[in-house]
Amino acid sequence: MKKRVGVFVCECGTNIAATVDTVQVAEFAKTLPGVVYSTNYKYMCSDPGQDLIRKAIEEQKLEQVVVASCSPRMHEHTFRKAAAAGGLNPYMMEMVNIREQDSWVHHDKDQATTKAKSLVRMAVAKALRNKPLQVSTVPITKKALVIGGGIAGMQAALDIAEGGHQVIIVEREASIGGKMTQLDKTFPTMDCAA
Amino acid sequence: MVAAAQHPNIELMTYSEVTDVKGFIGNFKVTVKQKPKYVDWELCTGCGTCMEKCPTKKIPDEFDFGMGQRTAIHLVYPQAVPGKPYIDAAHCTKLTSGKCGICEKVCPTDSIRFNDIPVFKELEVGAIVMATGYDQFDWKSAYGEYGYGKYPDVISGLEFERLLSAGGPTGGQIKRPSDGREPKNVAFIKCVGSRDDTKGKSYCSRACCMYTAKHAYQVKTKIEDSEAYVFYMDVRTAGKSYEEFYQRALNAGAKYIRGRVSKIYPRGDKLILKSEETLLGMPIEVEADLVVLASAMVPAAGAVELAKMVGFSVDKDGWFQEAHPKLQPVETFAAGVYLAGTCQGPKDIPDTVAQASGAAVKVLGLLSKTELATEPMVSEVDVTKCSGCGLCVPICPYSAISLQEYRERGGHGHGPFTRQVAEINSSLCQGCGACLPACRTLALNLKGFTNDQLAAEVDALCL
């Protein structure tokens with residue numbers, strides 16, 4: 001389990017750095033078992049930030065990457081790609097949310113920094129046990145369903161249909177058209193709604 | 001509307017409701033209930049003879065908010081698409097008391113089916129667009145100062161649209177619902193239910209400022225010697241050509257009064273509106289023949305239940321929650337489910353159309369692929385540990401786990417034998433991890449979040 005882990009702490013401009021001492025977190029990470037490289041950067045998701053991760057993987061021969069930044073919902077895909085660009089299996093990237101779950105919800109910088117360290121320590125422990133995973137594929141049913149036959153549903157259905165795919169509109173009234181059919185003229189052009 | 005109906009790639013299922021959604025992005029299984037129409041639309045030509053002959057003629061027409069009348073067998077409105085009638089079972093004499101059946105006798109194509117029943121259809125689709133729209137805020141139950149709906153000449157903006165429409169109950173002439181007289185003074189009250197934390201909703205409904213300007217303009221141009229008074233909190237005209245349109249209403253003579261109407265009460269056949277003119281700092285009274293309320297938009301009835309069924313969340317007011325307010329405004333947290341129009345939040349027609357096209361592009365992007373990469377972070381079974389208890393099977397919300405025969409080699413004096421073990425369908429599994437706590441023998445593991453990894457995290461925190 002002796003793996004080479006790199007830790008990358010993002011400042012997210014001031015989103016994280018204003019409440020979490022990212023330099024301290026990066027320094028702390030160096031003391032964790034398995035960590036051979038650690039740094040902080042202003043915007044880890046930016047091109048130079050991703051480049052920094054890629055280069056560190058190559059130069060430091062990293063086997064695991066931990067990125068302490070925002071919610072995985074925001075940038076997990078970005079950092080998986082950066083890990084892959086450095087030659088790792090993308091699932092060897094572990095993300096720590098020190099923004100939504102730390103800097104954005106706390107005021108006390110000391111305590112927020114301590115929390116960030118704990119979160120990083122947990123992620124490093126998990127990352128050491130990460131295994132490469134392989135993506136599989138499933139077929140796609142090339143048909144769309146639109147629920148609601150008002151102006152939004154009709155427009156979406158027409159655009160999808162024009163794109164060459166089958167669309168089914170399910171409408172609970174006996175006619176499509178929705179609220180728009182009840183309108184007279186419409187602003188700002190005063191053209192007829194129906 | 002007709003374009004949608006005639007497009008060879010579009011199939012319409014009207015008078016139908018979605019009752020169940022299963023599956024996942026690229027592979028949804030949807031159950032649709034087709035409500036009984038009591039008319040075989042395959043045979044019906046839409047000739048309209050049944051509607052002419054239907055003796056139940058005095059049903060208040062919902063499309064015109066009860067200001068007009070319709071028959072029991074009817075079209076939602078004359079230009080309905082598809083242009084074929086259905087029977088309103090609650091009002092049809094044949095269906096309620098067994099008598100009548102005139103429509104069946106006069107129908108030249110024998111399309112009437114009094115024994116029609118709901119039909120459930122299974123659909124397989126790769127993507128879903130939610131476009132369930134909005135309803136009007138029920139101001140009648142909230143605003144006592146405007147009469148709780150007691151005064152027939154206090155109506156909503158949508159009702160006023162029906163009075164303006166050439167296809168409406170008055171043929172497009174503005175007439176008071178109470179006595180059919182043309183009003184001279186029409187008062188408009190904005191933000192009824194919008195921007196009102198105490199009685200309505202905290203949000204702005206976004207379309208009302210503009211349609212009220214349109215209404216005031218139409219009053220000024222349709223009725224001679226008329227006055228249009230607009231009571232407002234703010235005038236919000238953020239949109240292309242919107243401010244110019246508002247100026248057009250002002251130039252036509254609409255009178256804008258900054259103040260909230262505190263009370264409406266009748267005096268003779270008129271309505272008196274008491275308010276403050278906050279720009280002058282004095283109370284005012286306006287006498288009106290008709291009052292039109294710009295009532296708030298609220299999510300369509302049943303929208304919250306539908307969101308739950310499809311598997312995504314709604315916001316505090318019941319609007320469908322977008323995945324990100326700025327960067328993913330047409331996506332939901334359910335992959336493959338997209339949002340179009342007012343189901344996501346109040347908006348006007350240009351914004352609705354723009355968002356609908358955005359949702360369509362997302363769908364086209366998805367459907368342009370032949371196959372979809374799935375997250376490898378799914379559950380796996382260690383068959384050497386699985387006891388085949390099956391506790392995980394009913395827990396899985398995606399029906400991804402089943403019990404299968406597993407053949408053991410045997411040994412220690414036993415021959416080969418088979419036993420049951422859990423098996424994960426990795427294309428159905430969404431990696432939620434719900435099955436893991438159910439597994440007594442720790443045979444189940446979530447790839448990327450193994451029991452071992454979670455324990456290591458806890459140890460790192462606590463030891």
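These exercises work through a predicted model.

**Exercise 1.** Find how many residues of chain B are in contact with chain A, and which helix of chain B gives the largest share.

*Solution.* Start with the count. On chain B, 86 residues are in contact with 60 residues of chain A. Next, look for the main contributor. Helix α9 (residues 349-367) of chain B supplies the largest share of this side, twelve residues. Then sort the side of chain B by residue type: 50 are nonpolar, 23 polar and 13 charged.

**Exercise 2.** Identify the strands of chain A and chain B that pair, and their sense.

*Solution.* Take strand β5 (residues 136-139) of chain A. Its partner is strand β21 (residues 371-374) of chain B. The two are antiparallel, with four bridges. To check one position, find A:Thr137: opposite stands B:Ala373.

**Exercise 3.** Explain why helix α5 (residues 157-164) of chain B is largely enclosed.

*Solution.* A residue is buried if 20 or more other C-beta atoms lie within 10 Å of its own. Apply this cut-off to α5(B). Six of its eight residues are buried, so the helix is largely enclosed by the rest of the structure. Among them are B:Phe160 and B:Leu163. Now ask what covers the buried residues: the cover includes β11, α6 and β18 of chain B.

**Exercise 4.** Trace the bridge partners from B:Ile264 through β16(B) to β17(B).

*Solution.* Begin in β15(B), which joins β16(B) by six bridges, antiparallel. B:Ile264 has B:Leu273 as its bridge partner. Move on: β16(B) joins β17(B) by seven bridges, again antiparallel. B:Leu273 stands opposite B:Val286. Finally, inspect the turns. B:Gly268, between β15(B) and β16(B), has a positive phi of about 65°. In the hairpin of β16(B) and β17(B), B:Gly281 has a positive phi near 70°.

Key. Residues numbered from 1 in each chain as written. Chains lettered and ligands numbered in written order. Predicted model: local features only at pLDDT ≥ 70, side-chain atom pairs only at ≥ 80, totals over all residues. Contact = placed C-beta atoms within 7 Å. Nonpolar A, V, L, I, M, F, W, Y, C, P; charged D, E, K, R; others polar. Pairing = 2+ DSSP bridges. Buried ≥ 20, exposed ≤ 12 C-beta atoms within 10 Å, placed from the backbone.
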